[in-house]
Each structure stands twice: as structure tokens, then as C-alpha cells.
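Here is a short tour for anyone with a sequence at hand and a model open on the screen. Let's walk through it together, topic by topic.

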Amino acid sequence: QVTVLPAPRPTITYLGDMPFCVGDSLLLEAPQGYLSYAWNSGGNERPEWVYDAGEYWVTVTDSNGCPGVSDTITVTTYPVPEKPEIMRGGDVLHASSAAGWQWYRNGQPIPGATDRVYVMMETGTYTVEITDAHGCKAMSDPFDVTVLAVEALPAAVRGFDVYPNPSNGRLTLALSLHAPAMVHVAVSDVLGREIRTVAFSNVRELYE
């Protein structure tokens, strides 16, 4: 008498959202009751954390010593949101378009600063974290602000700083534009007297 035992055919389930955001994770689970588990991603436990998109399956051995392979589950992720940019107009910072925003100063979240624009009250290093329609997040590059009370700047200006503040008479002007352009800089004292004028051609980043 010959007895043929059926090969196990486990079904994979998952806990979490799919697709999920790059940088997050998803928990795959095989059914309980098998003697061993071997995931194609390298794990040997019944649950398996995955962090990347791809195809996953598990090979199991049941109590009779029979091996079996699960169906393949395809794990998908959302694309990484584009890194946001910060633009400055006067003392107001503007972020790229997104579904949500959180502003930071010196690495710490600013309470209530969850709009696309932020009115600065202090100098410091600012960043903004955006959230897209899928709930995925991206952080901007740091944006240094060393001077406030700046009048409205032209739309072509991405960043503007003058430092140190206070100064012993020597100042550094840091100017960043969205595209190369002719730049004319005039420096005046508190009485409105023009101290220096400088013109630059085809400038995008300026430190003078």
C-alpha cells in the first residue's frame, strides 16, 4: 500500500498598507503549523519584514516532512516624492506644492507650522517636510537664514542672506537665483547713503 501525501501550499498574507512608501516596511506572514520556513528574501521565520518592492514566496516543510512552495506575492511601493524646494520672499518662506507640510527650525518641528508658507520670526536653519497624496514624505535641503526684516525680493531670487549680524563693517552677501541673470547690488547705510554698488552678469549663485 502506497500513500501519497499532498504537498503543502501555504498562502501568504500581509499586514500594513500596499503599496507602501519607500522607506517604510510591510510584514508578510505564512500560516502557522509548519516545521520550517525559508523565504526567497533570506528569512527563516514565519513572519518576514520586507522593505523593497519585488516578488516574494516562502518554502515550507510540514509535519510529514513534505516540502511545499507558496504562491508568489508581488509587493509594490509608491515612487519617492520629489525633494521640495524652499524659496524666500522677504521674511516669508515658500515650499513646493504638496498635500501637506511641516516646517522645521534647527532640526526641530515648529508647532503649528503646517502651511505651504511660513513667516519667520527668528533666524536659523529651516527645512520643510512635505507629504504627498499617498502619505509619502520628503525633506528639503537646509535653508540658512541669518538676517530678517528683508523687504520683498524679486521672484527670481531663491535665497538671500547678509552676514554676520551684527557686523564689524565687513559683510558677506549670499544670493541664490532660480536661473542665471544680471545682478545689481546697492548697499546703503541707515541714513540711506549708498556705500557701494556692484554689478554682476550671468549670475546664479553669488557670495561677495
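Let's begin with Pro142, which is exposed because its relative accessible area is 59% (exposed means over 50%, buried under 20%, and partly exposed in between, using a 1.4 Å probe and protein chains only). Please keep in mind that this is a predicted model, in which local features need pLDDT of at least 70 and side-chain atom pairs count only at pLDDT 80 or more, while totals for chains, interfaces and linings use all residues. Residues are numbered from 1 along each chain as its sequence is written, and side-chain values use heavy atoms, with hydrogens and water left out.

**Around Pro142**

- Pro142 sits in the loop between strand 17 and strand 18 (143-145); strands (E, at least two residues) and helices (H or I, at least four) are DSSP runs, numbered from the N terminus.
- Leaving aside residues up to four places away in sequence, Pro142 touches Thr125, Tyr126 and Thr127, where contact means heavy atoms within 4.5 Å.
- From Pro142 to Phe20 the C-alpha distance is 27 Å, and the two are 122 residues apart in sequence.

**The disulfide and the cysteines**

- How many disulfides does the structure hold? There is 1 disulfide, a term for a pair of cysteine sulfur atoms within 2.5 Å.
- Its partners are Cys21 and Cys136, with sulfur atoms 2.0 Å apart.
- The link of Cys21 and Cys136 is left-handed, with -90° about the S-S bond.
- Cys21 belongs to strand 2, and Cys136 to the loop between strand 16 (124-131) and strand 17 (137-139), so the pair ties together parts that are 115 residues apart in sequence.
- Cys21 counts as buried because its relative accessibility is 9%, and Cys136 is buried too, at 3%.
- Cys66, at 17% relative accessibility, also counts as buried.

**Backbone details**

- Met18 and Pro19 are joined by a cis peptide bond, with omega about 0°.
- Pro19 lies in the loop between strand 1 (13-15) and strand 2 (20-21).
- Asn106 is not a glycine, yet it has a positive phi of about 55°.
- You will find Asn106 in the loop between strand 13 (100-105) and strand 14 (108-109), and its relative accessible area of 45% makes it partly exposed.

**A buried charge**

- Glu29, in strand 3 (residues 26-29), is buried yet has no salt bridge, meaning a side-chain nitrogen of Lys or Arg within 4 Å of a carboxyl oxygen of Asp or Glu.
- The nearest side chain of opposite charge to Glu29 is Arg46, 4.0 Å away; Lys and Arg count as positive and Asp and Glu as negative, while His and the chain ends are not counted.
- Not counting residues up to four places away in sequence, the contacts of Glu29 include Trp39, Arg46 and Pro47.

**Aromatic rings**

- A search of the whole structure finds 3 aromatic pairs; rings of Phe, Tyr and Trp (its six-membered ring) pair if their centres lie within 6.5 Å, and planes under 30 degrees apart count as stacked, over 60 as edge-to-face and the rest as tilted.
- Tyr34 and Tyr37 have ring centres 6.0 Å apart and planes at 85°, so the pair is edge-to-face.
- Tyr37 is buried, with a relative accessible area of 10%.
- Trp103, Tyr118 and Tyr126 are linked into a cluster by ring pairs.

**Val187**

- Val187 is part of strand 20 (residues 172-188) and counts as partly exposed, at 35% relative accessibility.
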